Amino acid sequence: GGGGGGGGGSGDSSSGGLVDPVQLKKVFVGGIGDVSEDDLKATLGKCGPVAQVEFIYDKQGGGRKGFCFVTFEDAESAKAATQRQFHHCGSSTVEGKPATS
């Protein structure tokens, strides 16, 4: 039997293991149903300026999945959006969580 080699690895970034700043501005939003991008921006915009809404689509059916990622202009706004977990958006109640991978 041979010995297995050990996998080593240095850090994958030069930032000393800090979270990517973009990640801090990004919020996972679930339960979006058929809420529009404008509705999401209007609702979550109360927490701070929204930079981008990224809908996730089903690869097979092509339809929208029930969640999206919202990127704010700054981390403080994203934090505000996740501190208050549920937001009323149109006819749905959406749930915001930190989008840490």
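Q: What makes a residue count as buried here, and what share of the protein chain is buried?
A: This is a predicted model. A residue is called buried if its relative accessible area is under 20%.

Q: Why is the set around Val29 and Leu40 called a nonpolar core?
A: The name applies because its members are buried residues of the nonpolar types, joined through side-chain atoms within 4.5 Å. The largest such core has 16 residues, of which Val29, Leu40, Cys68, Val70 and Phe72 touch the most other members. Strands S1 (26-30), S2 (50-57) and S3 (64-72) and helices H2 (37-44) and H3 (75-83) each supply at least two of its residues.

Q: Which residues does Val29 touch beyond four places away in sequence?
A: Contact requires heavy atoms within 4.5 Å. Val29 touches Leu40, Leu44, Gly66, Phe67, Cys68, Val70, Val94 and Glu95.

Q: How do you know that S2 and S3 are paired?
A: Pairing needs at least two bridges. Six bridges join S2 to S3, so the two strands count as paired, and they run antiparallel.

Q: Why are S2 and S4 (86-89) edge strands?
A: The open sheet has five strands in the order S2-S3-S1-S5-S4, with antiparallel pairing. S2 and S4 each have a single partner strand, so one side of each is left without a neighbour in the sheet. Neighbouring strands are turned by 30° against each other on average, direction ignored.

Conventions. Residues are numbered from 1 along each chain as its sequence is written. This is a predicted model: local features need pLDDT of at least 70, side-chain atom pairs count only at pLDDT 80 or more; totals for chains, interfaces and linings use all residues. Side-chain values use heavy atoms; hydrogens and water are left out. Buried means under 20% relative accessible area, exposed over 50%, partly exposed in between (1.4 Å probe, protein chains only). Helices (H or I, at least four residues) and strands (E, at least two) are DSSP runs, numbered from the N terminus. Axes are lines fitted to C-alpha atoms, for helices over the stretch in contact, and angles run from 0 to 180 degrees between N-to-C directions.
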